[in-house]
Amino acid sequence: MAGQGCQGRAGCRSAGRDAGAGPGARGSFPGRSGPGAPGPPGQSPCAMSGAPGGRRPPFPALPGERVLEEAAGARRRRGNGGGSVPGTLLCTNRRLAFVPGQAPGSRGLLRPEDEVALPCIHKLVAASSFSKPKVLTAASTLKFIPEELAVFCRDFRLLRFSFPENGLAPQAFRVANAIAQAREAAARLGDAADGWASPGEAVPEEEEEEDEGSSTTLLFESLRDWEEELQRLGAAGWRVSAVNERFDMAPSLPQYLWVPSGLLDHDLKRTFGHFQERRVPRLCWHHPGGGHLLRAASFHPASEPGSEDVRCLEELLLGGRGPCVLADTAELPTLADIQLAHLRLRALCLPGAVAEEKWLSALEGTRWLDHVRSCLRKAAEVASLLAGKRCSVILQEPSDRDLNCLLASLVQLLGDPHARSLPGFQSLVQREWVAAGHPFPRRLGLLCQDSPREEAPVFLLFLDCTWQLLWQFPAHFGFTEAFLLALHDSSFSPDCSTFRFSCQRQRGRSSLPRLPSQTYRPMGGWQEPGGHRGHPNPCSFPPVWAWGRRYSRQQREQFRNPAGPPGPAGPPTPSTPAEPCPWGEPRLVLALAKGSLCPHSLPWWSRPPQRPPLWGSPSGSQGTLGGLLGTSCQPPPGLLLPCTAGPCVRLWHRCYLRGLPQEQRGRLAPSLAGLTEELQLLQERLRAWNLRRPH
Amino acid sequence: MRLGVAALPGDRSFRCLPARGKRWELPPPPRAGAMLGGGARASKPSFVSYISPEEIHIKEPIEKEVNPHLLPGELLLCEASTVCKYVQEDGSHRGTYGKLVCTNFKISFLDDDSASDDNEPQFKNKIVGENDITLQCVDQIYGVFDEKKKLLTGQLRKYPETLIIYCKDLRVFNFCLRYTKEEEVKRIVSGIVHHSQTPKLLKRLFLFSYASAAPNNTDGRNQTVMFETLEDWRDELERTKGNVKYKAVTTNEGYRVSEKLPLYFVVPICISEENILKYEGRGIPIWCWSCHNGAALLKMSSFPKEQDDSTSQMQKAFLDGIYKTISKPPYELLRMDDLSSSLPSLQDIQTAYTRFKQLFLIDNSMDFWATDVKWFSLLESTNWLEIIRKVLKKAIEVAECLEIQHTNVLLIEESATDLCCVISSLVQVMMDSYSRTKSGFQSLIQKEWVIGGHSFLDRCNHLRKSEKEEAPVFLLLLNCVWQLVQQYPPAFEFTETYLTVLSDSLYVPIFSTFFFNSQHQRDTNKSGESIKTQSGPFRFLTVWDWSVQFDPKALAFLNNPLYAEKPKPDRSQRKTSRFKHQRQLSLPLTQAKPSTKRGFFREETDLFFKNILGKRIGKLINSSDEPPNSFREFYDSWHSKPVDYHGLLLPRIDGPEIKVWAQRYLRWIPEAQLHGGGTIATAARILDLMEEVQSLQVKMDEEHSQAVSGDVHSVPLLRNSARLSSLFPFALLQRQSVKPALPTSTWKDLEDEDDLVKRDDEFVDLSGDML
């Protein structure tokens, strides 16, 4: 169990390496208390001055964070009848925070449940006994003194603050208005993208936790990460191409791509124009048995490749690696579906949304679980295809930036034990989502200029799917539900860079004014307007994986699954190679649809294939996946085949029902963790005995 | 809904299906061959793919003569050979050949597997095997006549091709009789239907033959308190410190008072013997349990509706007198709760459960997937989970009265043996941590249900006398307890597997526990006057002797390794100090008083949240006219505190929290199986850890060179935990469960690509057929 977990910044290699360059480029680096100073690290001066009475414990402000307004003596309610905690309610330019009266922790960390990032606030409602409750926005300010403030969050939390009457009235009024204003401002700031990348160096932890071994999170910002990972996968016949190093081939793709070794960069360049957003097929994962997982955008409708281009395209797509299976996203929910389901789910999970006896049908009505099921089913089909036969599967989504991210990572979770370890999972998210250019800010609705139609929590859907797997296969994951929850909540957090940008290019250019990252030019290179050469400037905010900044050691310990696989996942077992492709035809292209395969043609093939469609049984798409697995009945070791039947797909209680009055409380693992602890204790004692024993 | 679907596409129809495509005409269909090869245990000769008569002839001589394993007293009634047991999952007519037998205890299918058990499963019931169905476990029998399903009861004129047996433990068996001799079909079908579906006399239960034939050498002494003696009741009174205000009475010795009441029971001290005798025990508050603060839970059977005015006047006066005496000090205030009006009726419960179980009695996977789309709304429409919620809510209300208001609660029901048992047992499980140990829970069942007089015989309809009386009341309790177990696993000494096994034991007629309506019925039938009395009174087995059904290795699965055991004080102190102390931990009395002054329950804010959050707050409890606030407050304040596993335990009852007891209801459904997953995966890890801890402890002890503790429980070894499936330890379905999503022929066809291309022309109309 040792050797997992990326704790502190040291765990994230790229960030650590680049840290030196960050602050210098930015200027206005806030003064930092010395290592021995009593105050919490990273306390910015303005935050200190923001405390008028000085009675409250110091507020651990982030770099560049300013306290706008505060109300001491507010109370945070916990649950319904769970009492309330006195403390100070603060509104900063980044978040809403509550500092409890008692010192929260020796290291000045805010408990994550006590803060809300401004973009994460969905709705703000103020109420008093004399007036109707009122939804606060920047445009419509408060006309009465609030007695209660309810904060509805996008991450399903509901925070409630009350202001006792003893002379708090003006403060309560000011704080409430300030929050409404700041929220609007933050959204506008977010649009500019660089607003988040404001100066400031993420403060190193006082007790920097050394990484325990080789398992670290790869950020895929440097060539080395890509090479290392390719080596781990053992994908012979593939290389890292730096053809997009300056983002001139495809602006939304990462700098480095995994492409077939047989394809020269010169040839590779010919292929970009034939895919939407110039997102060419590239390797995601290599199954030890010889299967390949690729992802790509769909073919550009206007492209008409010449014969030379066709050669390059087919080398990239087929490359003599056995049959090529195109898996599109037709059976998966659309972005609008996901957004609608998520909104419905959020409404359902508010207290009092639906009568108890109607809960189940209301849940069904949200269709959220249906979407979870269809994603899992599709991923399981692809994963078993890869495990069963030596073929290559190409995930093809029109934009290649949303559901492809989800599918590619799910397939790897199912098939690759390494992806199920904590660092492996973090690397996976980093590669398939962050580097691959999932437009987080728009999808999570962190911007206000974009039309709401752009919002679709694909990443949260992925986390839900992951949770389902975790719940179905608790012994196969190195991380826990607590980790997923932390990740879920962090996706709205203002102080980590991971989810702030739409692609690597934008991240690198974050100090420049916002660029239309979607600009597509059919052919020819993309000309970089600025003179950025070589490495883009890394963002100065740490990635979300630096958990030590926001979570205490105790909390982080809960990220690791004590019931998970005993050791860090070793190198992929050189397992029995999958059945080799027995048929000789190199140009076989199939499409995976509704759980069955049928011949398919590439758009430039003049003659459609003359073969009859080969269908699976009509119910097959929903059944288990033995057929895709080839001949073995039990799934091969390492491959997880989730059950997608109704009773097996569940609501993620701890995530979605946090807003309900009764908080979800330690029902999961504490006793298991306790057992592990006891075991360690016993082992230690035994060691002590052995030492004391006279020899 | 499911019953309407013809389960069998039929051999004939399948065989003619591919006939139009030329390449399919050769006898062994490639798809079937591929499937056979696909089985993990394909080497077993007993696995046959699509049956055709030709194959039968080959098969028959191989079939060994297998004999059923008979228990003492078990008689073979009829048998039939060459019966094929279908693998239920996909209607693909794969299956195993063997012999179907019916005895006076069970219906049993014997195949070659059972004769040569090479790999013993880790969890095995010694009495009822994988292919055994006790006669009491049979729920319904259907016959398939020309692809139509028909319910079989009583006399038969025609004999079916296939017999479908639905079991009360939710297994479904499909037996194909097409290749069986007609004579045998007649005998076996009418035998099975007669012995399992028609009314029978109590004395014909296998229980009696077994008890008279089996050598009874069980020591009989386990930790479960049986409540058959006066001492047991006195001990219980002493344990709960109810002995100041309540007394165990002997009035019913010889069943003078009533045949429904137990021989001994406990009443308030002030109740006189005449009062008890006056209305056969009706209208008398009977003690169930005392809370640490002295408040007690009582139950009372009410008077039936009386036409005669004067009689009902007298009864009313009698009741008033009783209430007056037990409301006076030293007794606490009394709250009465008429369960027949505040809870669903037995009829509702039976209807809901009948609908609910249909969701899990799966004939084939087509049906399963057909209903899967609407899973949640179907589940909701059964109303079963809603009934569970109502019952749990009622139990919380009662607990609140006892714990917070220090009020005695009197549960009233017509017979006081159905919902009274459910509520009083639940309250005790929630409030008394002793009831959450295995022996404590068993004693509780014994006290409230077995001796308490729940009519198991009628409610389970063991004798097939009347369906009107049938109602799964005891199952309802187990379902409610399961909710608690899965919400707070560390608080229980037993596991959900224990509950599942207990629910299965309801239908195993070698134990007397669940096969009598009352203690009186049991006692009168025990003497064995009528039948040959060679050995005096029968000595029945009790279900609590789990070693009868399970080996020690399997027994380990019933114990929760993560049970947060109380550090045991001295045995002598246990009875006195333990109970009071631990409850105060959970709910300090200072919290009990609602701080109405300037707390968080001010009216305005409540109003506020009602306004902005909808009407939910208080909805939970608003069914009664009682002011719901105390309940809600109690519930919320308890849930806002950390859980003390030895104290009061309140279930969560909000919409999303009531779940389906997956282990019991999904265990036979291959579609819901997870290879290497499910809770068993965690459990296996825990057991590994436990084992390691224990070996370390042993080492420590050796180092200490002190006496070895000798307290090392045996822990089952689940070495290959990664290969276990989520259905473990019940279904042994792994081998047949995976159904191809893509027919393997797809790949095969692709492999014959060249052929295909050449034969493009002949293929024109095949695609339609294959769909």
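How many aromatic pairs does the structure hold over all chains? I found 64. I counted rings of Phe, Tyr and Trp (its six-membered ring) as a pair if their centres lie within 6.5 Å; planes under 30 degrees apart are stacked, over 60 edge-to-face, the rest tilted.

I noted that this is a predicted model, where local features need pLDDT of at least 70, side-chain atom pairs count only at pLDDT 80 or more, and totals for chains, interfaces and linings use all residues. Residues are numbered from 1 along each chain as its sequence is written, chains are lettered from A in the order in which they are written, and side-chain values use heavy atoms, without hydrogens and water.

I looked up Phe206(B) and Tyr210(B). Their pair is tilted, with 5.7 Å centre to centre and 45° between the planes. They are four residues apart in helix 6 (residues 206-213) of chain B, so about one helical turn separates them. Helices here are DSSP runs (H or I, at least four residues), numbered from the N terminus.

Next I took Phe360(B) and Trp375(B). Their centres are 5.8 Å apart and their planes at 80°, so I logged the pair as edge-to-face. Phe360(B) lies in the loop between helix 11 (346-358) and helix 12 (365-372) of chain B, and Trp375(B) in helix 13 (residues 375-382) of chain B, so the pair ties together parts 15 residues apart in sequence. Phe360(B) and Trp375(B) are buried.

Note on methods. Helix = DSSP H or I, 4+ residues; strand = E, 2+ residues; numbered from the N terminus. Buried < 20%, exposed > 50% of the residue type's maximum accessible area, 1.4 Å probe, protein only.
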